[in-house]
Every structure is written in structure tokens, then in C-alpha cells.
Amino acid sequence: MKNIAIVKSVPDIFNNAISDAGTSKLIDVDKARLQHSQYIDALSSIGLRIVKAPPDAHVDSPFVEDTAIITDKGLIITNLREASRKDEIQATQEMFNLLNLNRVKHQIEHPGYLEGGDVLFIQNKVFIGISRRTNIEGANQLKKILEKENFSVEFIEVKNCLHLKSGLTAISDDVVICTEEFKDNPALSGFKKIILDKDEEYAANCLKVNDALLVPMGYPGALEEIRKYHNNVIELDMSEFKKADGGLTCLSLLI
Ligand code: CIR
């Protein structure tokens, strides 16, 4: 059960965020702020307490998920790969100090890189994406920490998207939603799967929060499939975050 959502805010320079296709230049920052506040309202409506991190002017700072992994016992500060994102962990750390969380602190260290978008928890299983942003050294450091907490950890290679969770998330404890890339992955053999059409791949990034499921608006095929398994779906417009290669999971850290 999650009770708290940590979020950052959308900086004025958000249209300089990193994006593979250069689409962040097209971001309407005011619209991004509106979508961010609708996201926060959705989390509040589910019953979460919202905690806003101190102002952070980094271009990609709304994507707070990438800066930390939080478990019942541990607080793991990540090591982000992109130079422009490295210092985002400072505002995250300040906020953790204010929250005074009773957790053992860890830090992913060089030569390890790891971003939260590559870490998918499904009950006691954790899948770590080996991607452009998370390397084996970083994944092994996290694996060691999580195994001490009795999680079972598997690595999944990510080739066609930014992070693992850009192409694969869980909509319940036994159903995942994913792009073609992950459909035959042996690590996922025990799960039912919703496999997305090419033009709806963005819908792979859903956010399950307690009994609710946040899904990106505008993917009717995905929505129809999701509704077969889930009856508490909240659709949110994510158009401006998509332009910066980010999605629903990226915008919060849940405790
Ligand atoms: C980046 O390239 O780092 C950001 N523009 C997007 C990060 C998205 N985060 C995520 O998927 N967890």
C-alpha cells in the first residue's frame, strides 16, 4: 500500500529536456504544468499525500523516478548517466532529509549507472533493465541490496526504448503491458501479457497505485485491453512529457 507520492515541479526550461527525437523543443511548458498538476490531483484522489521536493531547475527534473529507488527498508540514491541529470539527486536527497525516512541509505557508485526508470517491482520480483542508462555494474549493485531484502532480481536487456519501464510495466500482480520487444522474454513467462501495437507503444508506461491504474490518454486499443483486467482506470493526458521521452511512472516516487 502506497501512502506518499514525491514529486518535483516543471521548470521554465523544460523544453530543453533530453529527447531522442528532439521533440522536447515542441513542449508547451504551461501545458506541461497543467498536465503535471492533473497528475498530482489524480494521485491525491487515490488517497496519497503529495510531497513536493525543493525547487530543482534541471531540465529533466520532473522525472524524479530516475533519482532514487525506495523499498520498505532501503533508500537507494541512483547514479544518473547523463551529465545534465547527475545533480538532480541533490534536491531528491534534500527532500529525503526533510522527510526523515527511516530507511537504510545506499548510493549507486561509479562505474555503476542506474536510473529508476529501469527498475520494475512486481510483488517480490524486481526486473532491472540493462539499457543505455543502466549498466551491469549499476544493476549488480542494486541487485545485491535488494536480495538482502529478499527480492528476487532478474535483468532484462533493453534495446528499443529509453528505460525498461518505457516498454514494460505491470497493470496487476499477474498482468504486464509491453511492447513487442519484451513479448517473448523468458523472464516474463509467468505473466499474462497485453502486447501493444507499434502505434500505441507509449501506453506501455502505466502506473499502478494501490487499487488504481493511471494510463496515458489517447491509446484506445491499449485501453480496451486494460479494461478487461482493471476496473479502476484513470486516463491522463501526457502529451508534453511524451515529447521529453517520459511517462507516468517517471513523475513520482511512491512510498
Ligand atoms: C531523459 O532522457 O532522461 C528524460 N528526458 C526522460 C526520462 C524519463 N524517465 C523515465 O522514463 N523514468
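This is a predicted model: local features need pLDDT of at least 70, side-chain atom pairs count only at pLDDT 80 or more; totals for chains, interfaces and linings use all residues.

Colleague: Which residues touch the most other members in the largest nonpolar core?

Modeller: Phe14, Tyr39, Ile171, Ile226 and Phe241. That core has 39 residues.

Colleague: Which elements each supply at least two residues of this core?

Modeller: H1, strand S10 (175–178), S12, S13, helix H5 (220–229) and S14. The largest share comes from H1, with 5 residues.

Colleague: What about another core, apart from it?

Modeller: There is one of 17 residues. Ile4, Ala53, Ile70 and Leu75 are among them.

Colleague: Back to H1. How far apart are its end C-alpha atoms?

Modeller: 24 Å. Helix H1 covers residues 29–45, which is 17 residues. At 1.5 Å a residue, H1 should span 24 Å, so the two agree.

Colleague: Which residues of H1 are buried?

Modeller: Val29, Ala32, Gln35, His36, Tyr39, Ile40, Ala42 and Leu43. Down the axis of H1, these buried residues fall within an arc of 155°, so they line one face of the helix.

Colleague: Why would residues three or four places apart point the same way?

Modeller: Because an α-helix has 3.6 residues a turn.

Colleague: And which residues are exposed on the other side of H1?

Modeller: Asp30, Asp41 and Ser45.

Colleague: Which residue caps the N-terminal end of H1?

Modeller: Aspartate 28. One of its side-chain oxygens lies 3.1 Å from the backbone nitrogen of aspartate 30. After H1 comes glycine 47, with a positive phi near 110°.

Colleague: New topic, the ligand. How many residues surround it?

Modeller: 14. The closest are Ile18, Asp60, Glu65, Arg85 and Ala244.

Colleague: Which polar side-chain atom lies 2.8 Å from a nitrogen atom of the ligand?

Modeller: One on glutamate 65.

Colleague: And which residues have a polar side-chain atom by an oxygen atom of the ligand?

Modeller: For arginine 133 the distance to a ligand oxygen is 2.8 Å. For histidine 163 a polar side-chain atom lies 2.9 Å from a ligand oxygen.

Technical notes
Residues are numbered from 1 along each chain as its sequence is written. Side-chain values use heavy atoms; hydrogens and water are left out. Helices (H or I, at least four residues) and strands (E, at least two) are DSSP runs, numbered from the N terminus. The expected span of a helix is 1.5 Å times one less than its number of residues. Buried means under 20% relative accessible area, exposed over 50%, partly exposed in between (1.4 Å probe, protein chains only). The arc is that of the directions from the helix axis to the C-beta atoms. A polar contact is a pair of N or O atoms within 3.5 Å; within protein, one must be able to donate a hydrogen and the other to accept it, and residues adjacent in sequence count only if both atoms are side-chain atoms. A nonpolar core is a set of buried Ala, Val, Leu, Ile, Met, Phe, Trp, Tyr and Cys residues joined through side-chain atoms within 4.5 Å. A residue is near a molecule or strand if one of its heavy atoms lies within 4 Å of it.
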